[in-house]
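Please walk through this model with me, from its overall fold down to single side chains.

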Amino acid sequence: FFNDTATTEIYTEQIVGSVRCVQETGHNALIQSLEKRYQSQIIEVQEGCQQRINEYQDKIKKLEKELKDTQNRIMVDSHDKNGQHSLIERKIAEAIENEKALQQELENVKADRDRKILEYQRLLDDEREALKSKIADCEQKLKESESRRGNLVFEQEKERAKWNLERDHLVNQREELSDTINNCLLYTSPSPRDRQKSRMPSSA
């Protein structure tokens with residue numbers, strides 16, 4: 001009985017130790033790894049979007065410079081190049097349209113970046129909530145394990161007290177029986193005079 005109780009207590013302590021280990025180390029490490037993974041993805045998206053924004057801004061500056069140069073050439077050569085006036089205006093219109101298209105694409109890139117950041121943040125929040133729920137479950141299981149351990153210890157102490165009472169009772173019974181046997185032997189053993197008479201010859 002005591003061996004089974006000791007085994008149960010050791011098993012309970014192992015469960016409690018495992019749960020505490022998961023609570024103190026595993027969950028914190030998992031949360032940090034998830035945050036690091038999503039933060040790295042968000043940083044990669046931001047860097048990619050920033051690179052594309054810089055490229056589009058460089059293109060816009062280049063087009064603005066070309067537009068300004070074109071306008072200057074138009075003002076200088078307007079008298080000599082009347083035949084090319086419509087072509088220049090068409091190029092200017094194309095440059096303006098290209099600038100508008102680049103601006104629109106830049107806005108789309110920014111919107112896509114913001115959307116991805118919000119999506120990764122939502123995923124991170126979901127993972128955090130799921131981990132909080134798991135931690136709460138582990139804490140509840142830990143409390144239940146500690147309660148079961150307390151009950152097992154209480155039952156063990158109660159059984160130990162019961163066995164002690166039974167042992168004391170048996171010891172008392174043994175002592176009483178030993179006293180009774182000694183008394184019986186004392187009253188039933190022959191006296192020395194009786195033993196002497198038994199050795200004398202009888203007269204005929």
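The paragraphs below take up the fold, the surface, the salt bridges and the cysteines.

This is a predicted model, where local features need pLDDT of at least 70, side-chain atom pairs count only at pLDDT 80 or more, and totals for chains, interfaces and linings use all residues. Residues are numbered from 1 along each chain as its sequence is written, and side-chain values use heavy atoms, with hydrogens and water left out.

Start with the fold. The chain has three helices and zero strands; helices (H or I, at least four residues) and strands (E, at least two) are DSSP runs, numbered from the N terminus. The pattern along the sequence reads α-α-α. Helix H2 covers residues 85-188. Now look at contacts, meaning heavy atoms within 4.5 Å. Of those between residues at least 6 apart in sequence, 93% join residues at least 24 apart.

Next comes the surface. The chain has an accessible surface of about 16300 Å², and carbon and sulfur atoms account for 52% of it. Accessible areas come from the Shrake-Rupley method with a 1.4 Å probe, and for residues only the protein chains shown count as cover. Of the 204 residues, 15% are buried. Buried means under 20% relative accessible area, exposed over 50%, and partly exposed in between (1.4 Å probe, protein chains only). Leu177, Ile181 and Leu185 make a nonpolar surface patch of about 310 Å². Patches are made of residues with over 30% relative accessible area and no salt bridge; like charges are joined within 9 Å, nonpolar side chains (Val, Leu, Ile, Met, Phe, Trp, Tyr) within 5 Å. Ile181 lies in helix H2.

Now the charged pairs. The structure holds nine salt bridges, each a side-chain nitrogen of Lys or Arg within 4 Å of a carboxyl oxygen of Asp or Glu. One of them joins Arg115 and Asp112 at 2.5 Å, N to O. Both residues lie in helix H2, three residues apart, about one turn of the helix. Asp125 pairs with Arg128 at 3.1 Å. These two are also in helix H2, separated by about one helical turn because they are three residues apart. Arg167 bridges to Asp168 at 3.9 Å. Arg167 is exposed at 52%, while Asp168 is partly exposed at 37%. Shared partners also link Asp112, Arg115, Lys116 and Glu119 into one salt-bridge network.

Last, the cysteines. Cys138 is partly exposed, at 22% relative accessible area. Cys184 is partly exposed too, at 42%.
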